[in-house]
Amino acid sequence: MTWERHPTTWTRNALHELIRSEFRDVRVIAVSNREPYIHRRGPNGVECAQPASGLTTALDPIMRATGGVWVAHGSGDADRSAVDRRDHVAVPPEEPSYTLRRVWLDQTTERRYYYGLANEGLWPLCHVAFHRPVFRQEDWESYRRANRLFADAVLEEADGEPAVVFIQDYHFALLPRLLKERNPNLTVAQFWHIPWPNRETFRVFPWKEELLDGLLGNDVLGFHLRYHCNNFLDTIDRGVESLVDMERSEVWRGGGLTRVRAFPISIDFEQHTLEADSPAVAIHMERWRKELGNGHQFLGIGVDRADYTKGIPDRLWAVDRLLESYPEYRGKLLFLQVAVPSRTQIGEYQRLNQEVEDICGEINRKWARGSWRPIRLCSRHLPQIELMALHRLSHFCMVTSLHDGMNLVAKEYAASRVDEDGVLVLSSFTGAARELSAALPINPFSVEDMAEALRTALVMPRDERARRMRALRAIVRQNNIYTWAGRVMGALLEANNAPGVFGHSQAMVFSSGVQA
Ligand code: ADQ
């Protein structure tokens, strides 16, 4: 079976089938910074939880189907008590079908590699959201150290056998080369969840040759968009001795070939839609209705990790501008911002949380009328089921990222709207905007533009809302998370079409670093 013969609309079962047929004797090793299961001490003893993440949704079925090993940072306070001598624990706890191998990072390494180099260096560098990246030599040393620790764990799991490695995210740029150097039989793939900037921007990265060389250890390197692929190829073309074939989107370096491909990530549309239509969501809708009160006629929402790339302050000012320009919404519009605190060890993120609170206070003081306030801020993590309830209650959802690799909130909003209502106001600078052309596009750097889009959303007739929402849902249904995983697996097959490559002793490694 070749990749081309696989379905265009992927399901969990189709992905499962592909893995069963094509990767049958392949040992799969996934690697991520964040673990798919975490052990924590609770009031009732040690508990095992599954952190909510789109990536776990995609990789978990692959791991279950292959019974492989997932290598990740053991970050739970009871993680050590759950593993055996080899730092292994069988997961999922209720139906063990693969192995979680935990890697231990000391606090300094974690702080410098994860918060420092990855999140204060690479994150702002790649997002170009006008936040100066911070580059510290100690952070880079820790980044290298962490990559080496993960490489040791993966190589140990592969046990000298041929393997295929699929690495995701900017936490592990050096890992592909480290793996390939010590086991040339490995096949390595990586997915980079954030944008890749243009070469001029990337030039400021102090250790660029080493980082780019690390990435060129991959056989397949994935980005969300063709645009990011082209930026990457251009960066390589000017920065590293290599042969770049723009047409084929490939790089040759030192005898090794890296295929650079676009794989737009997504969500489990069918599952999401099913849940959004469930009685449990209806109960949450009722609860939220009560919680928000009936002092408003229109509800708008924003749901984000509190990150400066998401454009939250500008979005709040757009609500303020709407009230300024269109007095008829005073006393009638409620905007609920759900912002889960993230990376709070970093000063920039602490300042953002304070700024958002201050802006909400200022706008509410300005427009307060009786018990009505235009903005509600909810600074906590909400289970998806509650987010679905809010999606369904709202008249519009604002996604105003200044720059975003994809943005799953936009796709989740569409998947929740089983009633084919609601308006998605979407930043043109998200990867999602390339697919979701039926959303209302905005420039998040322009408060006026956003305020006008809100006005358009609020007066949009029901049939136009339905037409747009149907189009959004059709796209997300088609380009779902299994399509993403299936395409990645297809690229791995393509990279390994030499007969016998997926033989008995083959191991496959997935690696990811989900944002937190
Ligand atoms: P993120 O920057 O984290 O992801 P996004 O894609 O929007 O951004 O995903 C956020 C996830 O967190 C969504 O599933 C959302 O529902 C959830 N979430 C947000 N606020 C929440 C809250 N208050 N409570 C609970 N859940 C909340 C990075 C890249 C993106 C890319 C993804 C996947 O920055 O561009 O889309 O990885 O590749």
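Guide: Start with Asp 213 and Arg 177, whose side chains meet in a salt bridge, 3.1 Å from N to O. A salt bridge here is a side-chain nitrogen of Lys or Arg within 4 Å of a carboxyl oxygen of Asp or Glu. Asp 213 sits in helix 8 (residues 208-215) and Arg 177 in helix 6 (residues 175-182), so the pair ties together parts that are 36 residues apart in sequence. Helices (H or I, at least four residues) and strands (E, at least two) are DSSP runs, numbered from the N terminus. Asp 213 is buried, at a relative accessible area of 19%. Buried means under 20% relative accessible area, exposed over 50%, and partly exposed in between, with a 1.4 Å probe and protein chains only.

A word on the source: this is a predicted model, where local features need pLDDT of at least 70, side-chain atom pairs count only at pLDDT 80 or more, and totals for chains, interfaces and linings use all residues. Residues are numbered from 1 along each chain as its sequence is written, and side-chain values use heavy atoms, leaving out hydrogens and water.

Helix 6 takes part in another pair. Lys 180 of helix 6 meets Asp 219 in a salt bridge, 2.9 Å from N to O. Asp 219 lies in the loop between helix 8 and strand 9 (220-223), and the two partners are 39 residues apart. Asp 219 is buried, with a relative accessible area of 15%. Lys 180 also counts as buried, at 17% relative accessibility.

Next comes Arg 287 with Glu 386. Their closest N and O atoms are 2.9 Å apart. Arg 287 belongs to helix 11 (residues 279-292) and Glu 386 to helix 14, 99 residues apart. Arg 287 is partly exposed, with a relative accessible area of 36%. Glu 386 is buried, at 11% relative accessibility.

Some bridges share partners. Arg 248, Glu 250, Arg 259, Arg 261 and Glu 494 are joined this way into one network. Across the whole structure, a search finds 42 salt bridges.

Stay with helix 14 for a moment. Helix 14 (residues 384-393) packs with helix 10 (residues 269-276) at an angle of about 70°, their axes 10 Å apart. Axes are lines fitted to C-alpha atoms over the stretch in contact, and angles run from 0 to 180 degrees between N-to-C directions. Helix 10 contributes His 272, Glu 275 and Ala 276 to the contact, and helix 14 contributes Gln 384, Met 388, His 391 and Arg 392. Contact means heavy atoms within 4.5 Å.
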